[in-house]
Structure formats: structure tokens, C-alpha cells
Amino acid sequence: MRRAAGGKAGRAKLPAAVRLGRSGVHGHGLFARDLIPQGERVIEYVGERITKAEAVRREDRRLARLAAGGDGCVYVFELNQRHDLDGAVPWNPARRINHSCAPNCEAQRGRGRIWIVARRDIAPGEELTYDYGFDLAEWRDHPCRCGAEQCAGYIVNGGQRWRVRRRLAAGRK
Ligand SMILES: C[S@@+](CC[C@H](N)C(=O)[O-])C[C@H]1O[C@@H](n2cnc3c(N)ncnc32)[C@H](O)[C@@H]1O
Ligand SMILES: [Zn+2]
């Protein structure tokens, strides 16, 4: 097995300010236990560092699982131009964080690591979310159930959501 980036094998402990729970958005999610102040690094997204070619192979396997009626969850996170992180490992509790079109956290990348950082103060009980930043190309494959007022209905990065709205309004694919 490849070395895990930013973490060790085993089951990682959650930061004290966060708990795991059932999400109204999808499956499980992470929730604030205490107030999390704006700017706080809440949790690191860790996983197996893989090449882009390996990420493509794993995406093909994910699509095959989905077509067979299995789990289509995306856990591969773009790290930099050469590598991605596959966060589908038990020592990555951050893999439970769902996407929102009005997120309270953001992913910050640097020095080969990915941190989930609070964009604003987060109240106890709030679900943690960030913008997955998905590309426009496969927008139809990722319906969004974040429930935000500005939700585009699909998981697409904030800068391109207007294109989804325009396509939906025009009835285009
Ligand atoms: C990294 S997992 C998030 C954690 C997941 N809820 C779980 O229980 O493990 C990413 C997957 O969760 C689902 N997901 C996350 N945010 C979503 C959203 N806003 N709307 C619909 N599905 C979402 C999608 O299936 C996505 O591929
Ligand atoms: Zn949404």
C-alpha cells in the first residue's frame, strides 16, 4: 500500500469539536459539536496519494460500481497537477463531509495537504460542508441535495453553477 498523505493507517480520531451523524443531505455527515470560529482549520482531508492515471482507473471502477447499483460516492480529491488523494480510507473522517452550494467551510490546499477550514463561524449542531469544486463536464452525474437557496440542483463548482442554471433553463444537457 502507498503511504498515506497527512495521516497514519488505522482509524483516525475526530477533532473534539466535530461529531459524525446521519445527514439530511446524504448518508453520514460531520457536524459541529461546539462553536467553530471562522478561519479555524477544522480537519485535514487525508488519504492515499495517487497519480492522475490511477485516479482515472479508480473513477472507472467507481462508475462500474454505480452502474451495478452500488456505491457511487466520490472520495478522490484533487491535490495538485500530478497527484490526487483517495480519501476512501478509514483513517480519514473528513471523507464524511458533504457538499453544499452555500458551504460553511472551504478546502485549502498547500504543501501537499488539504485542510477543511471554516469560512464563517459555525454554530453547534450545524453540518459541515464545503464546495466539492466539481467540473462542469459531468454535471448531470452529480445531483445536489444540499437544500441551499442558491443550490443549482447539481454538484458543480461555484464559478460554473450559473452555466448549469442556464442549461437547465434552456432544457439543454
Ligand atoms: C465524500 S462522500 C460524502 C460523505 C457521504 N455522505 C458518506 O456518508 O460517506 C461524497 C459523496 O456523498 C454524496 N454527496 C455529498 N454531498 C452531496 C450533496 N450535496 N447532494 C447529494 N449527494 C451528496 C455524493 O454521493 C458524493 O459522491
Ligand atoms: Zn446544492
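Colleague: By class, how many nonpolar, polar and charged residues make up the shell around ligand 1?

Modeller: In this predicted model, local features need pLDDT of at least 70 and side-chain atom pairs count only at pLDDT 80 or more, while totals for chains, interfaces and linings use all residues. Residues are numbered from 1 along each chain as its sequence is written, and chains are lettered from A and ligands numbered from 1 in the order in which they are written. Ala, Val, Leu, Ile, Met, Phe, Trp, Tyr, Cys and Pro count as nonpolar, Asp, Glu, Lys and Arg as charged, and the others, Gly among them, as polar. On that basis the shell has seven nonpolar, nine polar and three charged residues.

Colleague: Why does ligand 1 lie between two domains, and which are they?

Modeller: The chain is divided into two domains, with bounds from an automatic or database domain assignment. Both give residues to the shell around ligand 1, so the ligand lies between domain 1 (4-132) and domain 2 (134-173).

Colleague: How many residues does each domain bring to the contact?

Modeller: The domain centres, taken over C-alpha atoms, are separated by 20 Å. Residues are in contact if their C-beta atoms, placed from the backbone, lie within 7 Å. Domain 1 gives nine residues and domain 2 gives 13 residues.

Conventions. Two residues are in contact if their C-beta atoms, placed from the backbone, lie within 7 Å.
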